[in-house]
Amino acid sequence: MEDPNLVINEEFFENLWPLILDNNICDIKTEDTSKHFVPERKFDYIWAHTLLAENHFADYLEPVELTCKSSPEASSLDEVKSPEEIEQKPYRGLDQCVVPLEQQLKAIECDVQLRKKLAYDFANRTFPWYIQSPSYNNDFTLTAELKAQFPNPHEYEILYNINLFQCNLMIIDLGIDVTLQDLERWEKFSPYVAIVTVVHSPDLFRQLKNYDTIFQPVLTEENVEQTWQEELNCSLKLGIKFARSKFLFEDAGKAFVFVFSNNRGICTCDNYKILNRL
């Protein structure tokens, strides 16, 4: 039985108690959770990254080689030429043809600008390595293959202006008569712009919300007493406000696309404008 009159002296806490605490198997130690997001092994398979880039996978750019290592052929040629002459013409070809000074300066300037762009992109990066950057933040080039994906001249004209004015946002006004089927034609624009849809129909709004599509919807109520031009102005303001709340339109001076119907009661979006500000 336990003795209620037992008194623990001071030596117990000074000598034995610390040993008990050290051997406590239930001791909980905290761990730095930030290390969970740091890869244990660096991904150094550059060939795989290059393969994905060459096959046009999104967000994979071809690696840029910044460290120039001399090849055996170049090393043998360097031994023949004097160091002073090699230093004066750093962009001379291996065939030892004299490169014009203007061409050398242009090559040096391109090299400097490339390093500046890489340094700027790295310093101003907003997406960590474990989050994929949206594809519409990347520039694209109009090619014959891309043009074949937009056989409709009206749609290709929109894509051409998106590339020309470097738009990252498309606001589509979906009148109450526009159906879900009409949105299929705008789906092909998603790799190049973020798409915000101003929806007048509650049923269509629920469909877009439930399916979690690339069209980010915001609901508005149509006022039949207003003219169609006034309705479009309200839709445009609501779409910009929604895009800003989603951080899709942070630069107010940048151009964007506004797609709409020319008249009330049309079941398709048949017109567009490239806008810079309200």
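Colleague: Which residue in β2 does L174 stand opposite?
Modeller: L174 stands opposite V199 in β2. Keep in mind that this is a predicted model.

Colleague: How many bridges join β1 to β2, and do the strands run parallel or antiparallel?
Modeller: Two strands count as paired if there are at least two bridges between them. Here 6 bridges join β1 to β2, and the two run parallel.

Colleague: What joins β1 to β4?
Modeller: There are 3 bridges, and this pair also runs parallel. Look at I172: V259 in β4 stands opposite.

Colleague: Are the residues of β1 buried or exposed?
Modeller: Buried means under 20% relative accessible area. In β1, 6 of 6 residues are buried, so by that cut-off the strand is mostly covered. L169, I171 and D173 point one way, while M170, I172 and L174 point the other way.

Colleague: Which residues have the most contacts inside the largest nonpolar core?
Modeller: They are I162, M170, L174, W186 and F189, in a core of 28 residues. At least two core residues come from each of α7, β1, β2, α8 and β4. The most come from α7, with 4 residues.

Colleague: What is M170 in contact with?
Modeller: Skip the neighbours within four places in sequence. The partners then include I158, I162, W186, F189 and V259. A second, separate core has 18 residues, among them I171, L248, F249 and F256.

Colleague: Which residues make the nonpolar surface patch?
Modeller: L101, L105, I108 and V112 make a patch of about 330 Å². Find L105 in helix α5, residues 101–123.

Notes:
Residues numbered from 1 in each chain as written. Predicted model: local features only at pLDDT ≥ 70, side-chain atom pairs only at ≥ 80, totals over all residues. Heavy atoms only, no water. Core = buried A, V, L, I, M, F, W, Y, C linked by side-chain atoms within 4.5 Å. Buried < 20%, exposed > 50% of the residue type's maximum accessible area, 1.4 Å probe, protein only. Contact = heavy atoms within 4.5 Å. Patch = residues over 30% accessible without salt bridge, like charges linked within 9 Å, V, L, I, M, F, W, Y side chains within 5 Å. Areas by Shrake-Rupley, 256 points an atom, 1.4 Å probe, with all protein chains shown as cover. Salt bridge = Lys/Arg side-chain N within 4 Å of Asp/Glu carboxyl O.
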